[in-house]
Amino acid sequence: MIDLLKSFSIIALELTILFVAISFVIQVLQSYIPYGTIEKKLSGNNRMAASVIALVFAFITPFCSCSTIPIVVNLLKNKIPFSIVMVFLFASPVLDPTIITVMGVVMGWEITVLYTLITAICSIFIGFTLDRFGFEKYVKRVTMTGFNPSSHTFNWSDTWNETWQLIKNVYPYLIMGAAIGSLIHGVVPTEWVVQWFGHDAWWLIPIAAVIGIPLYIRLSSMIPISQVLIMKGMALGPVMAMMISSAGASLPEIVLMKAIFKKQLIIAFVLSVLMMSMISGIIFYFV
């Protein structure tokens, strides 16, 4: 029991210091984001360049689902091409800068860079594919008031308040993941993990991807859990598949999508996230 508490304390302390520091820095940087200029770039004629800008925009805006959807509505209202909006929608939940930085420190930068490349490429491919097959017609006509991201300017008090809000929304899931990770580390035998979930268990990739969507394990919770599972000998493929599916198609986000998308596009969104998670899992399986 003492070892279990010691393991939890070490993991929780490391994650707390990293998360609070990185969150504050990101909030400061967000104050200088030229939203108006970015939106103009997103509407440019060069779709590939615009998609890369959409990825960068998704990366530098670490919003939860309730904030991502209003941005999507705002982009659609401003006549940003559907394919570019979809790139942002798919990339936004899986390319959180705070969580990716924590991932790099906890799980290693090689894994983190590969994760970022895979999710970025998949987001572009899915966004352009949905546009090619005419899914834009399944977007509802939605109007929105009271949302003006360009009005966000730097202020120490506001920046700290926003950092505190981010901590309240995400930090509990990070600590929850640390607790579960410590429990796995102290209770689950390494030999058992290797036997049932080791590198030969390729069939876990589609199962993990499917389970991840309704399970809704936040990306912040999955990082410490994944670290321990990998240390115990679990194959990297299913771990990453579950991580991406649970973060990419969270239940709150899907519920919010019902207000702006018809069911055909929502189904396509879920299936696309499932495909992204399985592709990622397969790639990581062979790493």
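Q: Which residues is Phe 261 in contact with, leaving aside its neighbours within four places in sequence?
A: Phe 261 is in contact with Val 72, Leu 76, Met 86, Leu 89, Tyr 138, Val 139, Lys 140 and Ile 266; contact means heavy atoms within 4.5 Å. This is a predicted model, in which local features need pLDDT of at least 70 and side-chain atom pairs count only at pLDDT 80 or more, while totals for chains, interfaces and linings use all residues. Residues are numbered from 1 along each chain as its sequence is written, and side-chain values use heavy atoms, with hydrogens and water left out.

Q: And helix H5, where Ser 83 is found: which residues does it span?
A: Helix H5 covers residues 82–91; helices are DSSP runs of H or I with at least four residues, numbered from the N terminus.

Q: How many residues of H5 are buried?
A: The count is 10 of the 10, so H5 is largely enclosed by the rest of the structure. Buried means under 20% relative accessible area (1.4 Å probe, protein chains only).

Q: Is Ser 83 itself buried or exposed?
A: Ser 83 is buried, with a relative accessible area of 0%. Its side chain is joined to that of Arg 47 by a polar contact of 3.5 Å, that is, a pair of N or O atoms within 3.5 Å, one able to donate a hydrogen and the other to accept it; residues adjacent in sequence count only if both atoms are side-chain atoms.

Q: What else does Ser 83 touch, not counting residues up to four places away in sequence?
A: Besides Arg 47, Ser 83 touches Gly 127, Phe 128 and Asp 131.

Terms used:
Helix = DSSP H or I, 4+ residues; strand = E, 2+ residues; numbered from the N terminus. Buried < 20%, exposed > 50% of the residue type's maximum accessible area, 1.4 Å probe, protein only.
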